[in-house]
Amino acid sequence: MAAHISVIVLLVINIGLVWLLMAAPVGRRTVRLHATFRAGADRVWGAVSPLGASADWHHSVLTSRVLPGAENHVQQTYTHLDRHGQPTVRTFAITEKTAHAYEAHVIDDSAVDASFWKDFRERRGIEEDGDMVHLTIEQSDRYRGFAFLIFRFFALRREVRALQQWLETGTSKPVRAGFEHPPVQCALALLSTLLLWPFFGLTSDGLMLSALLTLVIVLHELGHMAAYRAFGHKTVRMIFVPLLGGIAIGGRPYNSLFEVATCALMGAGMSAFVIPVAIALHEAGGEGVLALVPRQSILVFLLILGAFNLLNLLPMNRFDGGQVLRQIFRSRTSLMTGSFLLTLVILGVGWRIGLSSQVLLAGLAIFALLSLVGQGGVKPRHRLDEMTGGQRIVSGLGLYSAVALHGYAIVYATDRLFS
């Protein structure tokens, strides 16, 4: 009973954190940052103003130019790539301008729809204080969830650090956030393991369960990263969030519905390739060098691997399964049919391993509620390329094959662990 309560508490904590990050009605908020530089005011202003002589100082800005015939419109080209792998182009309108201050908003973006920027406003200004210059940056926007608000704050901090570097050396190099470094991510994965440990019991078995869950999360995110690479993303990375798991991030927006489906599916897809290997290891346990691998641990690993990925394949909004289904089935009727069949298979696995109907219905209700968290997303500037018939078949077979394999992993493990 205590173990069940711990798992429920962990689930409630995760749902609460996801709601805070993705769906909490934060409303209109302003990110404000102050910085002081020992430099000339004209030089600082020439860099921070879009109309300045050095507006392209930042390493991510390729060009910055005033549009002909529109003195208060500035077009900037960035190293960040759009869906076609081309530099992103963004146009700003300067609505208020004084000697050393301005306010601007975005009127056009080659990567995302204009609706993304409708509430965004940016204000920058400097003040001289002897040989010091005080810079104030404010970015206001309407937010749903704290995740993007936090991202904006750290992005501004990185920009200010890069500006300090440029003022001192005349060059701007990419400044990686501290938490993005691989050693820090490994430390966060270790921290997550330790934070999960109490929920499974502060015993050696509890630590094993926590460590195996962390390993499963890493394998899942590596699958997403491999898919990004296969579709030509030049940069991919994984951000590990203690308790919540990991997030795989690609290097550009999606270009096609097939890319969306494949990148979402490959989290569970890569793990599916591990299942036959793990089963073979279990069957061969006790022979030769394989005797060093505890057969019980392999079964626990299979159970965690199957359960984690099967839950991710539920046809809910923001879940991998829901993302894949929305790309394959474009009509409401076909989407509902595909979602029903997928849910039926997953519920069938739960019934096969002996879960009561009350538990299955309660779990379904929780995940249906969770699917409402963070609906929507960033709308691309142009419609993504549609799937071909062959791509729909491949994606559909891949989805239901992944569900079947992970369902089998759960059944195989429970039959031997609890028989």
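The legends below describe close-up views of one predicted model. Residues are numbered from 1 along each chain as its sequence is written, and side-chain values use heavy atoms, with hydrogens and water left out. In this predicted model, local features need pLDDT of at least 70 and side-chain atom pairs count only at pLDDT 80 or more, whereas totals for chains, interfaces and linings use all residues.

Figure 1. Helices (H or I, at least four residues) and strands (E, at least two) are DSSP runs, numbered from the N terminus. Along the principal axes, the C-alpha atoms fill a box of roughly 80 × 50 × 40 Å. Of the 419 residues in the chain, 43% are buried; buried means under 20% relative accessible area, exposed over 50%, and partly exposed in between, with a 1.4 Å probe and protein chains only.

**Figure 2. The second largest pocket, with a volume of about 160 Å³.** On a 1 Å grid over the protein atoms alone, a pocket is an open set of points where a 1.4 Å probe fits, with protein on both sides within 12 Å along at least five of seven lines; lining residues have an atom within 4 Å of a point. Grid points are joined across faces, edges and corners, and the volume is the space filled by probe spheres set on the points. The lining has 13 residues, and Leu265, Met266, Gly269, Gly398 and Ala402 lie nearest the centre. Helix 6 (257-283) and helix 11 (389-417) are the elements that give two or more residues to this lining. Helix 6 gives the most, with seven residues. By type, the lining holds eight nonpolar residues, five polar and no charged. Here Ala, Val, Leu, Ile, Met, Phe, Trp, Tyr, Cys and Pro count as nonpolar, Asp, Glu, Lys and Arg as charged, and the others, Gly among them, as polar.

**Figure 3. A nonpolar patch on the surface, formed by Trp19, Leu20, Phe146, Ile150, Phe153 and Phe154.** Such a patch is made of residues with over 30% relative accessible area and no salt bridge, whose nonpolar side chains (Val, Leu, Ile, Met, Phe, Trp, Tyr) are joined within 5 Å. Together the six residues have about 510 Å² of accessible area, computed by the Shrake-Rupley method with a 1.4 Å probe. Helix 1 (2-22) and helix 3 (147-169) each give two or more residues to the patch, and helix 3 gives the most, with three. Phe146 lies in the loop between strand 7 (132-143) and helix 3, and counts as partly exposed because its relative accessibility is 34%.

**Figure 4. Salt bridges of Glu386 with Arg330, Arg383 and Arg392.** A salt bridge is a side-chain nitrogen of Lys or Arg within 4 Å of a carboxyl oxygen of Asp or Glu. Side chains of opposite charge can pair when their charged atoms come close. The closest N and O atoms are 3.9 Å apart for Glu386 and Arg330. This pair links distant parts of the chain, 56 residues apart: Glu386 is in the loop between helix 10 (357-370) and helix 11, and Arg330 is in the loop between helix 8 (320-328) and helix 9 (332-352). The N to O distance is 3.0 Å for Glu386 and Arg383, and 3.7 Å for Glu386 and Arg392. Glu386 is partly exposed at 38% relative accessible area, as is Arg330 at 45%, whereas Arg383 is exposed at 65%.

Methods:
Patch = residues over 30% accessible without salt bridge, like charges linked within 9 Å, V, L, I, M, F, W, Y side chains within 5 Å.
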